[in-house]
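Biologist: Please take one packing contact in this model and go through it closely. I would like the geometry, the residues involved and the setting in the chain.

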Amino acid sequence: MDALPHSGPPGCPLVGVAATYMPRLSEFSFEPGLVAAVDQHAAAVRDALVPPVPAPRRPGTGSREEPYGMVRREDLADYVLGFTDWLSETDWSEPVGYDFAALRLTAVCWLIREHDLLAD
């Protein structure tokens with residue numbers, strides 16, 4: 001799904017982030033390093049929002065945890081509000097390339113797309 005800037009529930013902060021950063025996902029085919037960086041940021045956001053649960057154990061293996069469920073629109077929207085508030089407090093401005101914040105917001109767009117979070 002390609003999220004359009006006008007899609008999604010009114011007032012949802014994900015709409016604005018998608019309008020600004022979703023086009024950056026088209027750069028994936030030209031920048032393999034970008035894919036890896038965004039993937040790491042998406043995993044960090046997902047891990048912060050989706051509680052891990054114990055995975056089934058196999059004989060001879062230690063315990064491990066796997067993510068439980070999918071990222072929810074409400075949780076990601078709350079995350080984005082907190083993150084963008086912090087960016088405002090630090091007087092962050094979007095760089096020409098990528099920095100931590102631009103990568104994180106691009107990763108949010110990847111999660112929006114992958115979990116179809118702007119579908120009505």
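Modeller: Axes here are lines fitted to C-alpha atoms, for helices over the stretch in contact, and angles run from 0 to 180 degrees between N-to-C directions. This is a predicted model, in which local features need pLDDT of at least 70 and side-chain atom pairs pLDDT 80 or more, while totals for chains, interfaces and linings use all residues. Residues are numbered from 1 along each chain as its sequence is written, and side-chain values use heavy atoms, without hydrogens and water.

The protein chain has four helices and two strands (DSSP runs numbered from the N terminus: H or I, at least four residues, for helices; E, at least two, for strands). Their order along the sequence is α-α-β-β-α-α.

The contact to examine is that of α3, residues 73-89, with α4, which spans 100-114. Their axes lie 12 Å apart, at an angle of about 165 degrees. The two helices are therefore roughly antiparallel, a term for angles over 145 degrees. The crossing of α3 and α4 is left-handed (the near helix is turned anticlockwise from the far one by less than a right angle).

On the α3 side, the contact (heavy atoms within 4.5 Å) involves L76, Y79, V80, F83, T84 and L87. From α4 come F100, A101, R104, L105, V108, L111 and I112. By class, 11 of these residues are nonpolar, one is polar and one is charged (nonpolar: Ala, Val, Leu, Ile, Met, Phe, Trp, Tyr, Cys and Pro; charged: Asp, Glu, Lys and Arg; polar: the others, Gly among them).

Past α4, the following segment holds A119. A119 lies 9.7 Å from R73, C-alpha to C-alpha, although 46 residues separate them in sequence. A119 counts as partly exposed because its relative accessibility is 30%, between the limits for buried (under 20%) and exposed (over 50%), with a 1.4 Å probe and protein chains only. Of the chain's 120 residues, 36% count as buried.

Notes:
Parallel < 35°, antiparallel > 145°, perpendicular 65-115°, else oblique.
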